[in-house]
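Let's walk through this structure together, one topic at a time. Have the sequence and the 3D view open as you read.

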Amino acid sequence: MKDAKELKEALSYRKKSVYEAAPKEITEAAYRYSEGYAAFLDAAKTEREAVAESIRLAKEKGFRPYTLGMELKAGEKYYYNNRDKSLYLFTVGSEPIERGIRICAAHIDSPRIDLKQCPLYEEGGMSFFKTHYYGGIRKYQWVATPLALHGVVVKKDGTRIDISVGEDDRDPVFYINDLLPHLGHEADKKPLGEAIQGEKLNVLVGSRPYDPEFDGDSIKLNTLYLLHEKYGITEEDFLSAELCVVPAFKARDIGFDRSLIGAYGHDDRVCAYPSLTALFDTEAPASTLMCVLADKEETGSEGNTGMKSAIFPDLIAEIARALGGDPAVVRANSKCLSADVSAAFDPNFSDAFEKRNTPLLSAGVVLTKYTGSRGKSSTNDASAEYIGWLRRVMAQSGVIWQAGELGKVDGGGGGTVAKFIAGHNIETVDLGVPVISMHAPFEVVSKVDVYEAYRAFVAFCNA
Ligand code: MN
Ligand code: MN
C-alpha cells in the first residue's frame, strides 16, 4: 500500500493562491503592472473614453488605422475604430491566416446612469437631470455619493462637444439625494431592490438662480446659462446627446498591504487592459492576434457597436480575404478568450456562493466553462477539448488559474460575449478576473489576479 499522504499529493487537486503558487517576483511585477492599469481606469470611464485611450496607447506601439478593404502585411499592427465606441486591434501573424486568429474579447462599457433626452428641470430650489440607468445596477448604491458627468453632445450642425466634469480635483461633482434616516422608517421596511426607484435617480446639478427676481425656473435657467457659456449648447441639444453619470472616484489601492485595487468599472476594464497590453507585448506572433473591446455588453451586446454586430465577422472575412484565406476556414480554426470578470467568493455573503466551485480572490485568473442561468440556459459551454488545450498553454507559462462559476445554481446568473463569438464557429471560453462587489460604483480586484490575467493572455497570444 502506498503512503496516503503521497497518494493524496499525487491524485488530488487543490486550489492555491498566487502568493503560494508563484514566485515572489510575480507579486512584485503585479504591483508594478497595476500602476498602468489604474491610469487606464482613470482615463477611461466610458466606452468612448476607453476607445480613445486605447487608440492613444496603440499608436505609441506602432498600430495604425485600418479601413475595410485595406491590404495587410505580416507583422503589421492595425486598429479598427467602430464609431468611437468599440475597437478591434490586430497584429498580422507570420503563419498563414487559415491557421486561425487568436482573439481576446473584453467589453469597455460599465453599468452607470445615463441622462434622458429631456433631462433638465427645477424643483424645490434645486435643478436636476432626469436619468435612465444603464446595465445592472443596485440603485441604492448610487445615492449620496460624488458623481461625474461624461459624454458627448452633437449639435444640429454635426459639431461634437466632449464633456467631462468631475474628474479634476478643482471640478464640481454631482449627486443623487437620499432620504435621511430620521424620516426613513417607512422606506427602511422596503426590500433593498425597491427602496430607491429608477425615477428617483435624479442628479442634482444646481441651486443658484440666474436672476432671483425672475420667477420662471430661474435655477434651471442658470444651469442652461452656464452650459451655454462653457459648451455653447442649448436645452434642445440634449436631444442628440449621450451623457453618462459615473462615480467621481479615482482608482485607489485598498488595504494596508496595498494588494487590492478599488475602482469604478473593473467590469470589464480589468480584462480589457490585460487583453490590450498582452497584444502590445506580443511582437511578431506566429498566429494573427486580435483584441476586441466591445460596447453594450451590459445591455445585451445589441446594436452596431455590441458584440452581436456584423462588424466582427465582417472584419474576420476582410482580414482573411486580404491574406488569401477562406473566412470560413479562418473562423473554424480561430480560438477566443472571452475576457470578462467573475464574482469572487465573499465571506460577507457566503450564502450566495457554492464554495467548492466559486473563484477565490488572489487565486489567479478564472476560467469559466459556462455562464448563463438555471439549467445552463443561454450559455456557451466550452468544450473539454478546448479547455484541455488551454490548460496546457497556461501550464507551459506557469499561469496561476482557477475554475469557477457565478454563485449558486439557481441563485441568479449572468452572461458574457462568449456565446456570440462561439456562434461564429470559433472555440471560445470565458477567462477573467474575480471581482468583489461587481457592478457597484466602487468594485474591488486583487493585483495578482489582474496580472495573472495578463500573463494568461500573453501565453494565449504566443500559443
Ligand atoms: Mn462583464
Ligand atoms: Mn457586468
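Counting pairs of cysteine sulfur atoms within 2.5 Å as disulfides, the total here is zero. This is a predicted model, in which local features need pLDDT of at least 70, side-chain atom pairs count only at pLDDT 80 or more, and totals for chains, interfaces and linings use all residues. Residues are numbered from 1 along each chain as its sequence is written, chains are lettered from A and ligands numbered from 1 in the order in which they are written, and side-chain values use heavy atoms, leaving out hydrogens and water.

Cys 461 is buried, at 5% relative accessibility; buried means under 20% relative accessible area, exposed over 50%, and partly exposed in between (1.4 Å probe, protein chains only).

Now look at the manganese ion (ligand 2). Its donors (N, O and S atoms within 2.8 Å of the metal, or 3.2 Å for Na, K and Ca; water is not among the atoms, so sites may look incomplete) come from Asp 267, Glu 298 and His 439, at 2.0 to 2.6 Å. Along the chain they follow the spacing D-x30-E-x140-H. Asp 267 also bridges to the manganese ion (ligand 1), 3.3 Å from ligand 2. Both Asp 267 and Glu 298 are buried.
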